[in-house]
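Q: I have a structure open and want to learn how to read its features. Can you take me through a few?

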Amino acid sequence: MYVGECQGPGVRTDFEMVHLRKVPNQYTHLSGLLDIFKSKIGCPLTPLPPVSIAIRFTYVLQDWQQYFWPQQPPDIDALVGGEVGGLEFGKLPFGACEDPISELHLATTWPHLTEGIIVDNDVYSDLDPLQAPHWSVRVRKADNPQCLLGDFVTEFFKICRRKESTDEILGRSTFEEEGREIADITHALSKLTEPAPVPIHKLSVSNMVHTAKKKIRKHRGVEESPLNNDVLNTILLFLFPDAASEKPVDGTSSTDNSNPPSESEDYNLYNQFKSAPSDSLTYKLALCLCMINFYHGGLKGVAHLWQEFVLEMRFRWENNFLIPGLASGPPDLRCCLLHQKLQMLNCCIERKKARDEGKKTSTSDNVTNTWSVDARKTGDQLGPDNLNDADKEKGEMGKSWDSWSDSEEEFFECLSDTEELKGNGQDSGKKGAPKEMANLKPEGRLHQHGKLTLLHNGEPLYIPVTQEPAPMTEDLLEEQSEVLAKLGTSAEGAHLRARMQSACLLSDMESFKAANPGCFLEDFVRWYSPRDYIEEEVIDEKGNVVLKGELSARMKIPSNMWVEAWETAKPIPARRQRRLFDDTREAEKVLHYLAIQKPADLARHLLPCVIHAAVLKVKEEESLENISSVKKIIKQIISHSSKVLHFPNPEDKKLEEIIHQITNVEAIIARARSLKAKFGTEKCEQEEEKEDLERFVNCLLEQPEVLVSGAGRGHAGRIIHKLFVNAQRLTESSDEAAAMAPPEEELKRMGIPEERRQNSVSDFPPPAGRELILRATVPRPAPYSKALPQRMYSVLTKEDFRLAGAFSSDTSFF
């Protein structure tokens, strides 16, 4: 019991309340409650002033799931059979597995009734919900409905916390060399000294994984392997579409027409998220790993696919097959590190391929050229070509026969320094010996440079063929900058730093000297850095105006880096120089990096791609529904993600927040779909009605309670009525259901109140809640007191009965 009191000038109001668990039978309807109200007022007047009544009944609709939930569970078996089920590789699932709307609450309100107008007692009631002047609807959302996309991303994120390495997950290391089996150390050198040609298999899905299969079978039975062959082959074909053809395609990027154009905002999201373009191999790999983790073998499946992927990368490197689905050119630093590593490997394959092909075409020329030049240049001619190749490629099987031919050149490499010093003359680079240089044959010319001529002999200036600078991934750049920073600010450190940074300059100088025999530093500067060669008009002795040029002040500083480099540079064309970019070593570094990645590292690398894909999926689904509130949330997710993902190691908590936001949006879209299916917005023939319904559904998503325009007679009202009728038919016994008219006929009769009146009992279930407010203005406690407001509120639910009254009395005239 609760009691309260309010004292005002000449008025006292008593507040009284009662709260019972069980509702007394005589008070379950209006007439019983009126009796209580009248007795509490204790009005002294004989004809009692009319009591005004407001009534609200709430009906709850629960059992609609089996009829109105549109989401089909994904058909996992269909993936392998080739038909498209609920999912395909490379596509994310979407939607809730259960109905995200658990209940619909319909509130029917009669705001202004007077006592005499209606009858509501234990025998009969006039209160027909269809006749109520006001209808409003609330929907109760399911708590945390299971959403496919959210689950997918969350499960993938969980891998980030795992500590196991690939080897621990799959048993003994499958990356170990077969060479381990040969315990006898005498065999160790035979592998290096007697290279045997290895046949290159045609690139097909079955051959692609043969090495992996062979190794895996040695360590465990085939039936134990986490991914079955069909799934594995389907994925590998999806990742490497060029493997289906007999000859791999040379093009580096495989673009489909279905992909968005590269200018579009969605396509360029990878810049903001530091992920990878949505048509790239990295992005596809992220989606496949996601799917395998969810449906095909969890963490073991992820480890297995990654192992196959690394073996495929090695196979492509050893056989000069470019990796599909990667943009050509140096690593794109706007993408995730894993994508950069794969691009780096592609660069290595491109260089190796070009080198091998170049070797094939020029073998015959090289033989004649090499030996026709006088012996003093032998070392120079053969030396720095393919620096230390034999060193790197020693134990590496699977090479083409040509790659092994470098072994002879290894011996010249050792002699090259001394030979060059004898032969080329140590002075050849210095200003004192241009004549000797001028006798050399020009080599490695690209084309003539406009009208420029060499300053000293008037020959045309040729642009040389130069080496491309080495591509770098993010981690290598960081490493390099750390090394340079550690050299300190001392003179020695600064000199060493300059030497490290000028490898490219030295290479270009050597190419320039080879292409322009008899050239000077001034000639090189005019081509390489024209701003450092200053030309002035001067009048010579004869009085003519002539152009006189000289090097800029910074080039004249004693022991200047450029002068030093020029003096040490020898005339060597690019193709015979020491390689600036050692593709063999870099490729091995990348392959090693890939092989040592744990599934957790892999998940961290690829999480930006998965979040990127999830955001694109949510955007795509939202565009079908067009919900304005969701558009705003997606924008917030994108800006939040781009801030979080740009840091190298984002905090788990922040990543969880992003995933949670994506799941929320998915749940909102699923709710919208659920409501649209229930209200049949698609089935509306009339455009106006359809728009009204869609507006109504959007309001239901965003507002706690929505007014139904036209109450039970409006378009939405008729649909809600029909939903209740269908639910009632399911709950009533089959005999009664058979005797009753089907819902369509019910709707046809909706215009006729008499017929409806007879059947209305079964259209709606008993109200889940009844609320009544009784108001009167009467003089209390005496007939001559001031007329004051009296009010009583009552609520009745299944296990709750509350009455709250405010009864006022006059304190001046009593």
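A: Start with helix axes. Axes are lines fitted to C-alpha atoms, for helices over the stretch in contact. Keep in mind that this is a predicted model.

Q: How are two packed helices described?
A: Take helix H9 (residues 229-239) and helix H12 (residues 298-318). They pack at an angle of about 50°, and their axes are 12 Å apart. Angles from 65 to 115 degrees count as roughly perpendicular, and those under 35 as roughly parallel. H9 is therefore oblique to H12.

Q: Which residues of H9 and H12 make the contact?
A: H9 brings Leu232, Ile235 and Leu239. H12 brings His304, Leu305, Glu308 and Phe309. The crossing of the two helices, H9 and H12, is right-handed.

Q: What should helix H26 span, at 1.5 Å a residue?
A: The expected span is 1.5 Å times one less than the number of residues. H26 covers residues 652-679, which is 28 residues, so it should span 40 Å. Its end C-alpha atoms are 40 Å apart, which agrees. Just after H26, Gly680 takes a positive phi of about 55°.

Q: Where is Asp99, and is it buried or exposed?
A: Asp99 sits in the loop between helix H3 (77-81) and strand E4 (101-114). Buried means under 20% relative accessible area. Asp99 has 7%, so it is buried.

Q: Which side chains does the side chain of Asp99 make polar contacts with?
A: One is the side chain of Ser674, at 2.9 Å. Another is the side chain of Lys678, at 2.6 Å.

Q: Where are Asn144 and Ala711 found?
A: Asn144 is in the loop between strand E5 (134-141) and helix H4 (148-159). It is exposed, with a relative accessible area of 74%. Ala711 is in the loop between strand E10 (706-708) and helix H28 (715-731). At 2% relative accessibility, Ala711 counts as buried.

Q: What about peptide bonds?
A: Most peptide bonds are trans. The bond from Arg780 to Pro781 is cis, with omega near -5°. Pro781 lies in the loop between strand E11 (769-779) and strand E12 (787-797).

Note on methods. Residues numbered from 1 in each chain as written. Predicted model: local features only at pLDDT ≥ 70, side-chain atom pairs only at ≥ 80, totals over all residues. Heavy atoms only, no water. Helix = DSSP H or I, 4+ residues; strand = E, 2+ residues; numbered from the N terminus. Buried < 20%, exposed > 50% of the residue type's maximum accessible area, 1.4 Å probe, protein only. Polar contact = N/O pair within 3.5 Å; in protein donor to acceptor, adjacent residues only side chain to side chain. Axes fitted to C-alpha atoms, helices over the stretch in contact; angles between N-to-C directions. Parallel < 35°, antiparallel > 145°, perpendicular 65-115°, else oblique. Left-handed = near helix turned anticlockwise from the far one by under 90°. Contact = heavy atoms within 4.5 Å.
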